[in-house]
Amino acid sequence: MANGIQAGKELIYSRKIENSRKGNAVAAQNSYLGYSDEMKNKGDTIKVITLGQVDLMDYNGGNITFDNIDDAAVNVRLTEQKYFAKKIDRADKVKTDVDYETALLEEAGRSIANDTDKFIYKSIYNGLKKSQSNIIEAVDATSKNIFDYILRAQTLLNMADAPSDKRVLEVSPLMYEKIQKMLIQTDTNNSELLRKGFCGKLLDFDVYMTNNIHNDGEYDYCIARTSTAYAFALTLKEIERVKPSHLFADAMKGLVVYGGEIIRPKEIALIKFKKGEE
């Protein structure tokens with residue numbers, strides 16, 4: 001470990017980043033999280049245990065058969081590896097009373113949140129873009145028809161028997177604008193303030209607005225899903241304070257490794273959104 005930084009200090013740094021990341025993440029927080037404290041590398045896999053379906057079997061008074069929960073496990077491959085590295089000249093540090101380490105870690109957490117969210121939304125898009133049944137065409141969306149598209153997404157999840165208490169709707173700012181206009185026009189209560197991206201409840205969905213929704217250059221691919229439809233794993237590692245030998249500066253660097261996988265595609269609907277004329 002560089003410059004004798006103890007493992008306990010590294011853990012504190014990691015937790016500061018993780019807390020900041022959780023406070024800003026939308027896609028990751030709405031996914032089945034498989035976070036590991038173990039040091040994993042790009043290309044490794046993390047085993048994520050999901051409960052899966054509990055089957056009922058006929059009982060005739062004899063021996064019973066036990067299903068193995070491991071049968072529902074998925075291996076999430078860590079495909080992404082990113083780092084951050086920031087420095088501050090010692091002369092500048094003397095002139096300020098800002099806790100630059102805390103500020104840097106919080107900013108790093110926000111950057112990780114944005115990066116991982118973009119990854120998740122693109123991963124879901126890539127996994128479903130060829131689907132004929134999971135994509136809802138909302139290419140002329142207005143405040144008058146936006147509800148119909150969301151209702152169609154709910155129907156798709158209903159047909160997949162997706163749990164109604166775990167449904168989220170993640171939308172771009174433009175789609176959220178149409179939802180807000182629709183709520184105003186129908187005199188529906190829409191007074192709840194944004195909270196970490198959370199916008200309130202609509203049908204069975206907890207609605208979240210985020211700037212990280214995948215866009216292919218023409219359409220926003222907004223997502224209706226359950227929070228157990230996508231598995232995500234992330235490892236923070238090598239969070240270090242360093243003193244570059246060639247600089248009169250203090251610096252910090254960190255490495256993050258992550259990956260994700262669709263595990264229940266029937267519990268996801270893509271809303272191919274484009275703003276229409278009112």
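Let's start at Ser172, in the loop between strand S6 and helix H5 (173–185). Helices here are DSSP runs of H or I with at least four residues, strands are runs of E with at least two, and both are numbered from the N terminus. This is a predicted model, where local features need pLDDT of at least 70, side-chain atom pairs count only at pLDDT 80 or more, and totals for chains, interfaces and linings use all residues. Residues are numbered from 1 along each chain as its sequence is written, and side-chain values use heavy atoms, leaving out hydrogens and water.

Is Ser172 buried or exposed? Ser172 has a relative accessible area of 4%, so Ser172 is buried. The cut-offs are these: buried is under 20% relative accessible area, exposed is over 50%, and partly exposed is in between, with a 1.4 Å probe and protein chains only.

What does Ser172 touch? Leaving aside residues up to four places away in sequence, the list is Met209, Thr210, Ile213, Asp220, Cys222 and Phe273. Contact here means heavy atoms within 4.5 Å.

Pick out Asp220. Its side chain makes a polar contact with the side chain of Ser172, at 2.9 Å. A polar contact is a pair of N or O atoms within 3.5 Å; within protein, one must be able to donate a hydrogen and the other to accept it, and residues adjacent in sequence count only if both atoms are side-chain atoms.

Asp220 has another polar contact. Its side chain is joined to that of Asn215 at 2.7 Å. Where is Asn215? Asn215 is in the loop between strand S8 (205–209) and S9. Its relative accessibility is 36%, so Asn215 counts as partly exposed. Now look along the chain. Asn215 and Tyr125 are 90 residues apart, yet their C-alpha atoms are separated by 9.4 Å.

Next, strand S9. It covers residues 220–226, and seven of its seven residues are buried. Which residues point which way? Asp220, Cys222, Ala224 and Thr226 point one way, while Tyr221, Ile223 and Arg225 point the other way. Buried residues sit on both sides.

S9 has strand partners. Two strands pair if DSSP finds at least two bridges between them. Strand S6 (residues 167–171) pairs with S9 over four bridges, in the antiparallel sense. There, Glu170 stands opposite Ile223. Strand S12 (residues 268–275) also runs antiparallel to S9, with six bridges joining the two. In S12, Phe273 is the bridge partner of Asp220. Phe273 is also one of the residues that Ser172 touches.

A quick stop at a charge. The charged end of Lys272 sits over the ring of Tyr219, 4.6 Å from its centre. The rule is that NZ of Lys or CZ of Arg is within 6 Å of the ring centre and within 35 degrees of the ring normal.

Now aromatic pairs. Rings of Phe, Tyr and Trp (its six-membered ring) pair if their centres lie within 6.5 Å; planes under 30 degrees apart are stacked, over 60 edge-to-face, and the rest tilted. How many pairs does that give? The count is three. Take Phe119 and Tyr258. Their ring centres are 5.3 Å apart and their planes are at 75 degrees, so this pair is edge-to-face. Phe119 is in helix H3 (residues 100–128) and Tyr258 in strand S11 (residues 249–262), 139 residues apart. Both are buried.

Then Phe232 and Tyr258. Here the centres are 6.0 Å apart and the planes are at 45 degrees, so the pair is tilted. Phe232 lies in strand S10 (residues 230–242) and Tyr258 in S11, so the pair ties together parts 26 residues apart in sequence. Phe119, Phe232 and Tyr258 form one aromatic cluster.

Back to H3. Ser123 is in that helix. Its relative accessible area is 19%, so Ser123 is buried. The side chain of Ser123 makes a polar contact of 2.9 Å with the side chain of Tyr230. Beyond residues up to four places away, Ser123 touches Tyr230, Gly260 and Ile262.

Last, the whole chain. It has five helices and twelve strands. Of its 278 residues, 44% are buried. Among contacts between residues at least 6 apart in sequence, 79% join residues at least 24 apart.
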